[in-house]
Amino acid sequence: MSDKSIIFFDGVCNLCNTSIDFVIQRDKKDHFLVGALQEDFSRQILSKFEVREDYLDSIVLVEKGEIYYKSTAALKIARNLSGLWPALYAFILLPKFVRDPIYDWIGANRYRWFGKKNTCRLASPEEKAKFLSKENLEQTGFAVL
């Protein structure tokens, strides 16, 4: 199995897209692939983990064959970024019933506060290797397919 993890995000959410830009810029070890939850290829992969096809409630992380949601996903992502961001992983010690309501509150208001696009974000040519595709998965040896 690959050491790569996959981050699935709401491709029309401005906050989510900004967050993915943030991750891509700080993923110095090339640990992540990213894909919009709305894309067919993302749905195909997530169906193997029994994620609802219309799921857009939070960021989703697939790491080492396991699936994570909400604050757990965000903290596991932070753990693999450059800079001081891995220090945030200490918050994993807080129970999810403390962490997730904050995540849910932001998630419930994200479109109102940050807006949304009409279509999913497209990768720039420089980012293409970071975005989920069959070719990128095959190159990593990711064992989900």
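Predicted model: local features only at pLDDT ≥ 70, side-chain atom pairs only at ≥ 80, totals over all residues.
View 1. N17 belongs to helix 1, which covers residues 14-26. Its relative accessible area is 3%, and because this is under the limit of 20%, N17 is classed as buried. When residues up to four places away in sequence are set aside, the residues touched by N17 are F9, D10, G11, V12, K117 and R121.

View 2. For a relation across the chain, the C-alpha atoms of S5 and E135 lie 15 Å apart in space, while 130 residues separate S5 and E135 in sequence.

**View 3. K4, in the segment before strand 1.** K4 is located in the segment that precedes strand 1, the strand formed by residues 5-9. Is K4 buried or exposed? With a relative accessibility of 12%, K4 falls under the 20% limit and so counts as buried. A polar atom of the K4 side chain is placed 2.8 Å from the backbone oxygen of D30.

**View 4. The buried face of helix 2.** In helix 2, which spans residues 40-47, the buried residues are F41, S42, I45 and L46. Viewed down the helix axis, these buried residues fall within an arc of 135°, which means that they line one face of helix 2.

**View 5. The crossing of helix 3 and helix 4.** Helix 3 (residues 70-78) and helix 4 (residues 96-114) have axes that come within 7 Å of each other and cross at roughly 95°. Because angles of 65 to 115 degrees count as roughly perpendicular, helix 3 is described as roughly perpendicular to helix 4. On the side of helix 3, the residues that take part in the contact are K70, S71, T72 and L75, and they meet K96, R99, D100, Y103 and D104 of helix 4. Sorted by class, the residues in this contact of helix 3 with helix 4 comprise five charged, two polar and two nonpolar ones.

Note on methods. Residues numbered from 1 in each chain as written. Heavy atoms only, no water. Helix = DSSP H or I, 4+ residues; strand = E, 2+ residues; numbered from the N terminus. Buried < 20%, exposed > 50% of the residue type's maximum accessible area, 1.4 Å probe, protein only. Polar contact = N/O pair within 3.5 Å; in protein donor to acceptor, adjacent residues only side chain to side chain. Axes fitted to C-alpha atoms, helices over the stretch in contact; angles between N-to-C directions. Parallel < 35°, antiparallel > 145°, perpendicular 65-115°, else oblique. Contact = heavy atoms within 4.5 Å. Nonpolar A, V, L, I, M, F, W, Y, C, P; charged D, E, K, R; others polar. Arc of directions from axis to C-beta.
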